[in-house]
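This report concerns strand pairing and nonpolar packing in one protein model. The sequence and structure are shown first.

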Amino acid sequence: MLRVSTSEVAEDTTERDGAWALRALRPGAWKLSVLRAGFLPVARTIQVVAGPARGAITQRDVKLALARGAVAAGTVRDHRGARVADARVLAQNAEGAVAEGRTDARGEFRLRDCPTGELSLSAEHAGAKADMRLFLRPGQEVATLVLELVPAP
């Protein structure tokens with residue numbers, strides 16, 4: 001889905017070939033956001049200028065490239081080895097791209113559309129924290145991660 005926004009929102013769904021068109025946007029800065037399952041979200045700001053006539057096209061060939069995301073999944077445990085429900089889990093790369101979620105009732109998490117490359121994976125619950133580093137490639141799925149929470153001092 002392509003979403004364009006300022007204080008107003010315009011949306012379009014791309015065609016099979018990825019083409020899209022938005023019409024009647026007011027002149028000014030618009031933020032383009034693209035979301036698709038299995039890919040990392042993309043955002044870019046464009047400047048829409050007034051056309052010579054109402055409805056005239058003023059922006060052409062705006063291209064947004066999507067990159068495959070990864071999946072990070074596993075379990076969060078406390079310092080005694082018990083699974084922890086409702087822990088916050090966060091994956092972040094050096095550029096600041098983030099995927100986050102929470103553990104389910106069994107202490108398991110699954111972060112889809114994770115950023116790729118060198119990541120910091122962390123978990124937090126009731127002041128206890130866990131951290132690990134990992135490397136994920138585009139399209140890779142790692143489902144055996146275990147984060148062990150260390151109680152706050």
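The sections below treat the basis of the model, its strand pairing and its cores.

## Basis

The model is predicted; local features need pLDDT of at least 70, side-chain atom pairs count only at pLDDT 80 or more, and totals for chains, interfaces and linings use all residues. Residues are numbered from 1 along each chain as its sequence is written, and side-chain values use heavy atoms, leaving out hydrogens and water.

## Pairing around β6

Strands are DSSP runs (E, at least two residues) numbered from the N terminus, and two of them pair if DSSP finds at least two bridges between them. Strand β6 (residues 88-93) pairs in the antiparallel sense with β7 (residues 98-102) over five bridges; Ala91 has Ala99 as its bridge partner in β7. Four residues separate β6 and β7 in a hairpin, and Gly96 in the turn has a positive phi of about 95°.

β6 also pairs in the antiparallel sense with β9 (residues 117-125), over six bridges. In β9, Ala123 is the bridge partner of Val89.

## Ser122 in β9

Ser122 lies in strand β9. Ser122 counts as buried because its relative accessibility is 17%, the cut-off being under 20% relative accessible area (1.4 Å probe, protein chains only). Its contacts (heavy atoms within 4.5 Å) include Arg88, Val89 and Leu90, not counting residues up to four places away in sequence.

## Nonpolar cores

A nonpolar core is a set of buried Ala, Val, Leu, Ile, Met, Phe, Trp, Tyr and Cys residues joined through side-chain atoms within 4.5 Å. The largest has 22 residues, of which Val76 and Leu121 touch the most other members. β10 (128-136) is among the elements giving two or more residues to this core, and its four residues are the largest share. A second, separate core of five residues includes Trp30 and Val48.

Key
Buried < 20%, exposed > 50% of the residue type's maximum accessible area, 1.4 Å probe, protein only.
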